[in-house]
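Dear colleague,

Please find the structure below, handed over for your study. My findings follow directly after it.

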Amino acid sequence: LGFAPHNLLLQSSDLETTWAGAGITITTGVSDPFGGATAFKLAAAATSNALSQSVVVKAGTIYTTSVYLQNVDATTSRLYFWDNTGVDSQADLVIAWTAGVPSTSSSNAASAITYTDVGDNWYRASFYGTSDAANTSHKMFIYPSSTVAAGSVNVYGPQWNEGSVLLPYNATTTSAYQGPRFEHGGIYRNL
């Protein structure tokens, strides 16, 4: 059983709309991994620095978190899959940067961690985790710097999709993306 292509995050291609920023500065018009200029530079301006978006998800369900990242001058960055109600991490990943290449510094409840090289020092970081067993209000956090008030990364195409399989990126605007499923020979379902 597979899922139709989807992205539960809103405004995945406009990180200044619907997203909440704290302790960061955002620069628009940055070169993205596919030859455009639609990426964003997130620069830490405080020790507590993050871009986030809340999403209602199904309780006790696996979700894959992914985002394209290109290091500018951060030592470590962090991705969180957060439970808003229980105020705790469901899964998180601290990314160490060495000469622009990501590796896992530490993680908590993050499974199938991958860094897919898409060229020009851009990587699609991904992992999956399970939402809280009772709570449905969750949040994705992107920290350009995980520990200090300095460091920046370029960001493109954040996505949350249900299931443990990383799906191709689907841009969103004012609503989540739910694509059709046209494959034959298997059993598929829409969300």
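Leucine 79, leaving aside its neighbours within four places in sequence, is in contact (heavy atoms within 4.5 Å) with Val67, Ala91, Asp92, Leu93, Ile95, Ala125, Phe127, Phe141 and Ile142. Please note that this is a predicted model, in which local features need pLDDT of at least 70, side-chain atom pairs count only at pLDDT 80 or more, and totals for chains, interfaces and linings use all residues. Residues are numbered from 1 along each chain as its sequence is written, and side-chain values use heavy atoms, with hydrogens and water left out.

Leu79 is also among the residues with the most contacts inside the largest nonpolar core, together with Leu69, Ile142, Val155 and Trp160. This core has 28 residues. A nonpolar core is a set of buried Ala, Val, Leu, Ile, Met, Phe, Trp, Tyr and Cys residues joined through side-chain atoms within 4.5 Å; buried means under 20% relative accessible area, with a 1.4 Å probe and protein chains only. Strand 9 provides the largest share of the core, 4 residues. Strands here are DSSP runs of E with at least two residues, numbered from the N terminus. A second, separate core has 6 residues, including Ala39, Tyr68, Tyr156 and Tyr169.

The strands are arranged in sheets, where two strands pair if DSSP finds at least two bridges between them.

Strand 4 is joined to strand 5 (residues 39-44) by 5 bridges, with isoleucine 26 opposite leucine 42.

Of its 9 residues, 7 are buried, so strand 12 is largely enclosed by the rest of the structure. Strand 7 is joined to strand 12 by 8 antiparallel bridges, and tyrosine 63 has glycine 129 as its bridge partner. Strand 11 and strand 12 form a hairpin with 2 residues between them, and aspartate 120 in the turn has a positive phi of about 55°.

Yours sincerely

Conventions
Buried < 20%, exposed > 50% of the residue type's maximum accessible area, 1.4 Å probe, protein only.
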